[in-house]
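Please keep the structure open beside the text as you read.

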Amino acid sequence: MVKRLAAVVAVAMAALGALALPAQAEPTPSGEPAKKTFIVGIKQDIDSLNPYVGVVAAAFESYQLNYDALTFSSDNDFSPVPGLAESWDTSADGKTWTYHLRKGVKWSDGRDLTAEDVVYTFNRVINGETENGQYGNYLTKATKVSKTDDNTVVITTSEPTPIMLRLAIPILPKHIWEKVDAKAVATFPNDTKVVGSGPFILSKASKGVEYRFAANKSYWAGAPKFDELIFRVFADDEPMKQALVKGEIDMAEDLSSAVFESLKGVDGVTVNDATYYGFSELGYNLGAQTVDGKKIGDGHPALTDKQVRIAIDTAIDRKVLVDKVLRGHGTAATGVIPPIYSQFHWNPGSAERAFDLAKANSLLDAAGWAKGSDGIRAKNGKQLKLRFFARDSSENSKQDAEYIREWLKEIGIEVNVSIMSEDNLTTVLGKGEFDLFDWGWVVEPDPDFQLSVMTCDQRSTIDKGNISAGWSDSFYCNPEFDKLYDEQKTIIDPIARAEVVKKAQKLLYDDVAYSMLYYYNQFEAYRSDRFTGFRPQPSAGGLLAFQFGTWSYRNIEPATGGDDASDGLDVLVTIAIVGGVLLLAGGVFVVIFMRRKRGTSLDDVE
């Protein structure tokens, strides 16, 4: 009967044309209201659901669903707004900050969220090795974290610091995490029985497949307007696109430019070409060492020579990458703070290195790398052959690698491209077992964290023979840069601070710590016939999901009201089947469509 009904529906659909699809509905026991779900297609798998361990953007998206911070970044312009802290005060000398927490906030297990949880979380970051490696930059200047009562937290700092309203640290429940000791925290999965305070709480994790988050109906800022958020993992853009078109998912994130363009004009689908805060870079192994100076890895020694890196940088045609890879949806990159944060963005202007293969060849000649009969350069008997790792989850990364390989071939460098998962790449980078890589960063509204990843202290560490990666992926270490980083951390005046931040970016550019490739727009598409109420960040042309905050997730709702909108098999036409016969009226199908308990789309019924 299910198959036959599906066939009849297919005939009716073909006769009547494309129809608006309802919000997704999960199967529920008979008699219970259908569960409203919002399904997001992603390509980047979550590397860890433990907020002290994960490094990729998808992981941090899960953290802000599960847990709140003291403050948020507004959806309008990224300015700090109240989060768990509803207000705050600072002393006249700027070294004591008092945060007043919201009263009545509950953890998802019903326990009260109090100042004790905040103090515990921050002190664990200050004192724990793994925890400090993840969030320590935010509390570098903190000398004491304490509470005066259940709703008041006081942080004392050694010097005034401008980031005290930008403490992007998820507040964790002490009664849960105190059971995870310092030895266990680095491997604790945090993938079952999660207790959080955020708008959605993880209910089920299937790595590489999907992640389910149940709406927190008691959320202090108001319950979400649907019941479950699902991240569904796709290996490639094309199957994710087809799932969106068929109605199997409600939103597709991080699309390639080609797939994005192909979705324009599709019925029921709205695309969003969002101004973004990310950049892509060609990364170098600058001579992998641990924090204490122990050499690790097997990077090609040529890349420690700045002249070689300048030659490579000069051989990259960023205009081609923007035009061909991004299809014009981005701009060439220079500083590590993107132009969306105009106050802190740096651009070299007329001093920008231009694409010039002849100059790149001359630079390598001058550095003593001579071309052999096979066209590959060599010096002291060692050829200039480099390994280049790109990411399997990114079409842009794969295309970048192919273009760069061809350009470097023109200047006598042989490049062997390998495509790997982000999990594997993270491991390879931490061990220094690479030459070149293509990746990028999603940059926070405050520049502190992005600058911190380039400091000497963010290189890898070794404990009992085990190498643990820091935030640094290139092993850049320049005491002059570290000094600038420390300086900006204590400047309260935003204009004066911006000048130091720009100096730090100029130094990175001059040192060719990265070859910055481009600032890219983020491509999204969603079923506008199913959901509405998205809140872009920033408000003008911004992102709809994977924001700094959960603005859209907390405000989107089914596009059609009433109980009927919640059932994934309600359609705007009706099918009448009497005795198994499809009725026709005046040559037009008249259909009565029965509710089914299972499935979320016609494809599921089939």
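## Two helices side by side

In this predicted model, helix H8 (residues 306–314) and helix H10 (residues 357–366) have axes that come within 8 Å and cross at roughly 165°. Angles over 145 degrees count as roughly antiparallel, and H8 and H10 are therefore roughly antiparallel to each other. The crossing in which H8 passes H10 is left-handed.

Which residues make this contact? From H8 come Gln 307, Val 308, Ile 310, Ala 311 and Thr 314, while H10 supplies Lys 359, Ala 360, Leu 363 and Leu 364.

## A four-stranded open sheet

Now to a sheet that you can trace strand by strand. Four strands form an open sheet in the order E5-E6-E8-E7, and their pairing is antiparallel. Strand E5 (85–90) and strand E7 (142–149) are the edge strands; each has a single partner strand, so one side of each lacks a neighbour in the sheet. On average, neighbouring strands of this sheet are turned by 20° against each other, with direction ignored.

Strands of a sheet pair through backbone hydrogen bonds, either parallel or antiparallel.

## A helix across the sheet

Which strands does helix H3 lie across? Helix H3 (residues 115–127) lies across strand E6 (96–101), E7 and E8. Relative to E7, the helix H3 runs at about 165°.

Strand E2 (residues 35–42) is worth a look of its own. Six of the eight residues of E2 are buried, so this strand is largely enclosed by the rest of the structure.

How many bridges join E2 to strand E11, and in which sense do they pair? E2 and strand E11 (residues 228–233) pair in the parallel sense, over six bridges. Phe 38 stands opposite Leu 229 in E11.

E2 also pairs with strand E12 (residues 251–252), in the parallel sense and over two bridges. Here Gly 41 has Ala 252 of E12 as its bridge partner. To sum up the pairings of E2, E11 is joined over six bridges and E12 over two.

Conventions:
Residues are numbered from 1 along each chain as its sequence is written. This is a predicted model: local features need pLDDT of at least 70, side-chain atom pairs count only at pLDDT 80 or more; totals for chains, interfaces and linings use all residues. Side-chain values use heavy atoms; hydrogens and water are left out. Axes are lines fitted to C-alpha atoms, for helices over the stretch in contact, and angles run from 0 to 180 degrees between N-to-C directions. Angles under 35 degrees count as roughly parallel, over 145 as roughly antiparallel, 65 to 115 as roughly perpendicular and the rest as oblique. A crossing is left-handed if the near helix is turned anticlockwise from the far one by less than a right angle, and right-handed if clockwise. Contact means heavy atoms within 4.5 Å. Two strands pair if DSSP finds at least two bridges between them. Buried means under 20% relative accessible area, exposed over 50%, partly exposed in between (1.4 Å probe, protein chains only).
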